[in-house]
Amino acid sequence: MHKLYTSPSSPFSAKVRLAAQYAGIELEKHIVVTSEEPAELIAANPLGKIPTLVTPEGKTVFDSRVITQYLNRISGNKLFPRNAEKRLDAEKFEAIADGLADVLVAHVYERRMRPEEIVHQPVLDWYWKKAERTLDLLNETAPRIGTKIHGGHIAIAATLGYLNLRFGNGWERGRPKLKRWVKRFAEVHPELAAQLPKAA
Ligand SMILES: N[C@@H](CCC(=O)N[C@@H](CS)C(=O)NCC(=O)O)C(=O)O
């Protein structure tokens, strides 16, 4: 079986868990605390980051976008459209959702890793501005949700789950379409709810 180093709250790990479940690939989940730099994770990925996947043949696969492409290949294209133009759109949505997760994680780390007196507010504001712009874009353009979804939908759902978990739902104000998008994702794909980011 494929082994996934993961944590309940990590948005990138949630994306991979959602993608694997949607594509029908079973994962053996190993929950790790990255700040403890567990030896088995470091041995698989010197960056000490999650998600890191280990294949049944013992090959390691990271980062999360390499993993979603790998899962797409081994599932016979269950995660990305075959049509080149549609695939580019799906990959771009994955990239924008991952980019949003990057700034949210950086925001959390800035506050978590530094003593309070040297948390740099301008950098937090800079991250937040990027997040606001990206949420505005997603409010206008997030892809329609049907029973068939792709890696872009999955990445957006994972990142917005992390946003709600760490920052609350204040982002919904002024973004009614994106708020409805999250509701619809939950209604159309209740089977995926267990894989969304959760408090550790
Ligand atoms: N680009 C990476 C980002 C992964 C990432 O930032 N993971 C975080 C958890 S959400 C992590 O492992 N942080 C621990 C660290 O950076 O040491 C991906 O897409 O997988």
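This is a predicted model: local features need pLDDT of at least 70, side-chain atom pairs count only at pLDDT 80 or more; totals for chains, interfaces and linings use all residues.
Student: What makes residues 2–74 and 84–195 two domains here?

Tutor: The domain assignment of the protein gives domain 1 as 2–74 and domain 2 as 84–195, and the C-alpha centres of domain 1 and domain 2 lie 20 Å apart. The contact between them takes 16 residues from domain 1 and 21 residues from domain 2.

Student: Why is the pair Arg65 and Asp98 called a salt bridge?

Tutor: The closest N and O atoms of Arg65 and Asp98 are 3.1 Å apart, and the cut-off for a side-chain nitrogen of Lys or Arg and a carboxyl oxygen of Asp or Glu is within 4 Å, so the pair qualifies as a salt bridge. The count between domain 1 and domain 2 is three salt bridges, and there are 12 residue pairs in polar contact, both residues being at pLDDT 80 or more.

Student: Which elements supply the side of domain 1 that touches domain 2?

Tutor: Helix H1 (11–23) and helix H3 (64–74) are the elements that give two or more residues to that side, and the largest share, nine residues, comes from H1. By class, the side of domain 1 that touches domain 2 has six nonpolar, six polar and four charged residues.

How values were computed: Residues are numbered from 1 along each chain as its sequence is written. Side-chain values use heavy atoms; hydrogens and water are left out. Domain bounds come from an automatic or database domain assignment. Contact means heavy atoms within 4.5 Å. A polar contact is a pair of N or O atoms within 3.5 Å; within protein, one must be able to donate a hydrogen and the other to accept it, and residues adjacent in sequence count only if both atoms are side-chain atoms. Helices (H or I, at least four residues) and strands (E, at least two) are DSSP runs, numbered from the N terminus. Ala, Val, Leu, Ile, Met, Phe, Trp, Tyr, Cys and Pro count as nonpolar, Asp, Glu, Lys and Arg as charged, and the others, Gly among them, as polar.
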